[in-house]
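Here's a quick tour of a protein model for you. Keep the structure open while you read, and take it one topic at a time.

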Amino acid sequence: MLTPDLQRNSRMAQPNYHLPPGPRGLPVLGVALQLRRDPLGVLTRVAREYGDISHIPLLLQSRILINHPDLIEDVIVRQPQKFDKGPGIKGAATRLLGEGLLTSEGELWRRQRRLAQPAFHRQRIAEYAQTMVEQTLSLTRTWREGNIRDMAEEMMALTLVIAVKTLFGTEFTHEAGRVGSAVTLLMRYQVQRLRNPFKFSAKWPTPANRRADRAYEFLDSLVYGIIEDRRRRRASGEAPSDDVLTLLMNAMDEDGSQMSSKQLRDEVMTLFIAGHETTAVTLGWAWHLLAQNPGAEQRLADELRSVLDGRAPSMEDLPRLPYLDAVIREVLRLYPAAYVIQRTSIEPFELGGYYFPSNTTVLMSQWVMHRDPRYFDEPEEFRPERWLTGLADRLPAHAYFPFGGGPRRCIGQIFALTEAALVMATLAQKFRFLEPAGKKVVPEPLITLRAHSGVRMTLAKRS
Ligand code: HEM
């Protein structure tokens, strides 16, 4: 039954439903085929051609693309109660993440967010900082002058070990590379399914479905292993640490009816994946962009030398490293790991002068917004300096939103920024990462924005 509010809304809205401008596309399919081939290109072209609010015809159901900070703010900050994450992300992520923080809704989400929040306070992150630096130093022990390494893979392994140790208080003894391959395989699999108008049921025993099943089972076994390990240590009387796993397990003990074992598994899996993958992707892009911009690379090295003089960084050093901060902001501007977010309305809503019914999906793309010349001069250029003169304060909120916004803003923002800064400060003092000038690394927009064939670089020791 409709609430009085909804009845009023739908009476107001219904006669005025009409779509904002957008491409025509093919009958039925819309632009599904182009979107499958080149999602970043389609989003950019539609936004530039049709303005701040447009529609993308797709398999009989249009998506609404918004490309203005005020409209984005409207959806994720001012009226978030009218939306949920929608079937797209849930379809792609439910089997892996279940109903963890990223995908759950309503009261369940609110409770879990409240529960996990203390583990992400700045003060707690400061305690993780030492682990972040130690693990980075330990990675470099096997690195030699002239080695060729895929920095996308190296960063994935490093951030995984850091996430598991800081968030779950346990050593990661498995082969980190296998996790990276399993996550990549599942992202490709899910995104292909999401964008493919013609697909088999996921239950059919096709080779792709079976490979995906094996990857799911492997990741599941790791996460259950982490939980089991903690249970064993607790049972043997080991003093509890105060990481996020403890917070979650205590909540389960107090109120088993609300926090089932399955829920615990979903939260741990969500943090296991979200807690390392996005930061790794960002670091991979950072090394590529620095290699392609020797001036910026030199300026960063100079700043690190003058502030740290060869010693390992700590969290207290970070405010004295403004150029490092600017580099990270600029990497997240040009290659935002989360390059598009979406919401689906659960009731009718008004946006930009248009009225939309419930079950309308709205897309907001960091990739498009962060390259908008109205807000960023020379938007395609890597220019960390732009952030040194107060740009962040001058920009309208949500012209730059690598971590989203509103109540569903990334819980791991401080964790990620601290980790990225400490890893970069540690590595960039010891090594330069070389790539042939002009080398193109092609973005692969999966669930996150990957580098299609990795980021292969030659290591050069800094003297
Ligand atoms: C550079 C690194 C990262 C980027 C760019 C990033 C980006 C984002 C974005 C854009 C969202 C909002 C999604 C939406 O509105 O639909 C989000 C949510 C989330 N992120 Fe991150 N993230 C990063 C690192 C992390 C880390 C390190 C963690 C955990 C340690 C984390 C955990 C989460 C979780 C649990 C959510 C869901 C929050 C909620 O809905 O309450 N993220 N992230």
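Let's start with strand S1 (residues 53-56): Ile 53 and His 55 point one way, Ser 54 and Ile 56 point the other way, and all are buried. "Buried" means that 20 or more other C-beta atoms lie within 10 Å of a residue's own; 12 or fewer counts as exposed, in between as partly exposed, and C-beta atoms are placed from the backbone. This is a predicted model, where local features need pLDDT of at least 70, side-chain atom pairs count only at pLDDT 80 or more, and totals for chains, interfaces and linings use all residues. Residues are numbered from 1 along each chain as its sequence is written.

**How confident is the model?**
- The average pLDDT (the predictor's confidence in each residue, from 0 to 100) is 90, and 94% of the residues score at least 70.
- Over residues 1-13 the pLDDT is below 50, and this stretch has 8 contacts in the model beyond near neighbours in sequence.
- Two residues are in contact if their C-beta atoms, placed from the backbone, lie within 7 Å.

- Helices (H or I, at least four residues) and strands (E, at least two) are DSSP runs, numbered from the N terminus.
- S1 runs antiparallel to strand S2 (residues 63-66), and 4 bridges join them; two strands pair if DSSP finds at least two bridges between them.
- Ser 54 sits opposite Leu 65 in S2.
- There are 6 residues between the strands of this hairpin, and Leu 59 takes a positive phi near 45°.

- An open sheet is formed by 3 strands in the order S4-S12-S9, with antiparallel pairing.
- Strand S4 (148-150) and strand S9 (431-434) are the edge strands, each pairing on one side only.
- On average, neighbouring strands here are turned by 40° against each other, direction ignored.
- Helix H8 (residues 151-168) packs on the sheet and touches S4, S9 and S12, with its direction making about 60° with that of S4.
- S9 pairs with strand S12 (residues 456-461) over 4 bridges in the antiparallel sense, and Arg 432 stands opposite Ala 460 in S12.

**Helices that cross**
- Axes are lines fitted to C-alpha atoms, for helices over the stretch in contact, and angles run from 0 to 180 degrees between N-to-C directions.
- H8 and helix H9 (residues 176-195) have axes 9 Å apart and pack at an angle of about 110°.
- That makes H8 roughly perpendicular to H9; the label covers 65 to 115 degrees, while under 35 is roughly parallel, over 145 roughly antiparallel and the rest oblique.
- The axes of helix H14 (residues 294-308) and helix H18 (residues 413-430) come within 10 Å and cross at roughly 100°, so H14 and H18 are roughly perpendicular too.
- From H14, Leu 300, Ala 301, Leu 304 and Leu 308 meet Ala 425, Ala 428 and Gln 429 in H18.

**A look at Trp 367**
- Trp 367 is found in helix H16 (residues 366-369).
- Is Trp 367 buried or exposed? With 21 other C-beta atoms within 10 Å, Trp 367 is buried.
- Leaving out residues up to four places away in sequence, Trp 367 touches Leu 40, Leu 43, Pro 336, Tyr 339 and Val 340.
- Trp 367 and Pro 402 are 35 residues apart in sequence and 9.1 Å apart in space, C-alpha to C-alpha.
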